[in-house]
2 protein chains.
Amino acid sequence: MIEIHRIVETRLQAVGQRYTPKRRALVEALRRAGNPIPTPDLADGRRGLPQSSVYRNLAVLEQAGIVHRVVTGEEFARYELAEDLTKHHHHLVCKTCGKVEDVTVPPDLERSMARTVSAVGGRAGFSGVSHQLDLIGTCRSCVQNDR
Amino acid sequence: MIEIHRIVETRLQAVGQRYTPKRRALVEALRRAGNPIPTPDLADGRRGLPQSSVYRNLAVLEQAGIVHRVVTGEEFARYELAEDLTKHHHHLVCKTCGKVEDVTVPPDLERSMARTVSAVGGRAGFSGVSHQLDLIGTCRSCVQNDR
DNA sequence: TCTGAAACTAGGAATCATTCTCATATTCGA
DNA sequence: TCGAATATGAGAATGATTCCTAGTTTCAGA
């Protein structure tokens, strides 16, 4: 799936930005992970970029529609590749350890959510309303540790 | 709806905590607002409690199941009364100004979400899975300011 | 190939919500 | 009323994120 990099490069150029090695490293890290990664994890460690570069480049990539900031209850943010570079999905969050997994739900539920969401949002005077469904529970290993 | 305070007191006692004036003030502020309030807003201003008290007491109230922490993309958290003190609802978030409004969706959508969510979560080894649906769009006044 | 402007990088300082500490004040039961 | 447990609040500490700035790289045009 090296095609991703071609798409990323195109989108960056569209907003007048370059696809530098640092940015490619971030995209690669997110692609390999497959799940949303905590921002601090991208900064330290051996392959770690300087934190100022991490934050600056994630902001650029987000603005170009390449990555997406994932908000959980943790004290830091997580990032993942934008949905149109992967596929539409939702997040299954462990309320104990904070781990985030990607999941998909049946298409008929997606359809009825999309329909309802835009109706409800429009009624409240909001426009361009999209939805975000998170599943929040306790993962297997946290259940076991709790015994 | 002063009954709320009776319920709150009971729940606090259940976890060995007192219903002090500060805690009552927080519950009152959340009840009056009706929408999730940013934590910093509870801390300053005239009726503002000292910030250390705000954070400490919100933690106690959350643990007693009286308030609920609402996570948005902003750099601070918001709190609201727990759903069983109000009623089940979702959040309509303005992606531009961060404003949060409560909304409800049709019961049949709620039912199918609940059903799907526990099935999908169980398949991934998660237990006690609940859901959280957020609607994200642009509110009327932000659309106007953008012109 | 050379050159200047624009874009990038990275170290570290600054911000700011949140958490922690601790001395004092309050509450509740006996 | 007394004492132990709990609550309060001022300020320090923490840590993610943002800002600043000086040096580096890239790219287009000559």
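Let me start with one residue. If you set aside the neighbours within four places in sequence, B:Glu80 touches B:Leu30, B:Pro36, B:Val67, B:His68 and B:Val70. Keep in mind that this is a predicted model. B:Glu80 sits in strand β3 of chain B. Buried or exposed, then, B:Glu80? It counts as buried, because it has 22 C-beta neighbours inside 10 Å, and the cut-off for buried is 20 or more.

B:Gly34 follows α2(B), and its phi is positive, near 80 degrees. Helix α2 of chain B runs over residues 21–33, so to speak a 13-residue helix, and from first C-alpha to last it reaches 18 Å, close to the 18 Å expected at 1.5 Å a residue.

Which residues of α2(B) are buried? They are B:Arg23, B:Leu26, B:Val27 and B:Leu30. Those four cover an arc of only 95 degrees around the axis, which means they lie on the same side of α2(B).

What do the buried residues of α2(B) pack against? In chain B, that's α1 (3–14), β1 (37–38), α3 (39–43), α4 (51–63), β2 (67–70) and β3 (78–81).

Now over to chain A, and its own α2. The 13 residues of helix α2 (residues 21–33) of chain A should span 18 Å at 1.5 Å a residue, and the end C-alpha atoms are 18 Å apart, which agrees. Buried in α2(A) are A:Arg23, A:Leu26, A:Val27 and A:Leu30, and they sit on the same side of α2(A) because their arc is only 95 degrees around the axis. A:Pro21 and A:Arg32 are exposed on the other side of α2(A). The cover over the buried residues of α2(A) includes α1 (3–14), β1, α3 (39–43), α4 (51–63), β2 and β3 of chain A. After α2(A) comes A:Gly34, with a positive phi near 80 degrees.

In chain A it is an open sheet of three strands, in the order β1-β3-β2, with antiparallel pairing. β1 (37–38) and β2 (67–70) of chain A are the edge strands, each with a single partner strand, so one side of each has no neighbour in the sheet. β2(A) and strand β3 (residues 78–81) of chain A pair in the antiparallel sense over four bridges. If you want one to look at, A:His68 has A:Glu80 in β3(A) as its bridge partner.

Let me zoom out to the whole chain. Chain A has six helices and six strands, and along the sequence the pattern reads α-α-β-α-α-β-β-β-β-α-β-α. The C-alpha trace of chain A spans about 45 × 40 × 30 Å along its principal axes. Of the 147 residues in chain A, 27% are buried. Take the contacts in chain A between residues at least 6 apart in sequence: 53% of them join residues at least 24 apart.

Last part: how the two chains meet. A rotation of 180 degrees, with 0.0 Å of shift along its axis, superposes chain A on chain B with an RMSD of 0.1 Å. That's the relation of a two-fold axis. The same surface serves both copies, with 100% of the contact residues of chain A recurring in chain B. Which residue of chain A comes closest to the rotation axis? A:Leu133, whose C-alpha is at 2.2 Å.

The contact takes 34 residues from chain A and 34 residues from chain B. On the side of chain A that touches chain B, the elements giving two or more residues are β5 (100–103), α5 (107–123), β6 (127–138) and α6 (140–145) of chain A. β6(A) gives the most, with 12 residues. By class, that side of chain A has 17 nonpolar, 13 polar and four charged residues.

And β6 is where the chains join strand to strand. β6(A) and strand β6 (residues 127–138) of chain B pair in the antiparallel sense over nine bridges. One bridge to pick out: A:Ser130 has B:Ile136 in β6(B) as its partner.

Conventions:
Residues numbered from 1 in each chain as written. Chains lettered and ligands numbered in written order. Predicted model: local features only at pLDDT ≥ 70, side-chain atom pairs only at ≥ 80, totals over all residues. Least-squares fit on C-alpha atoms with pLDDT ≥ 70 in both. Contact = placed C-beta atoms within 7 Å. Nonpolar A, V, L, I, M, F, W, Y, C, P; charged D, E, K, R; others polar. Pairing = 2+ DSSP bridges. Expected span 1.5 Å × (residues − 1). Buried ≥ 20, exposed ≤ 12 C-beta atoms within 10 Å, placed from the backbone. Arc of directions from axis to C-beta.
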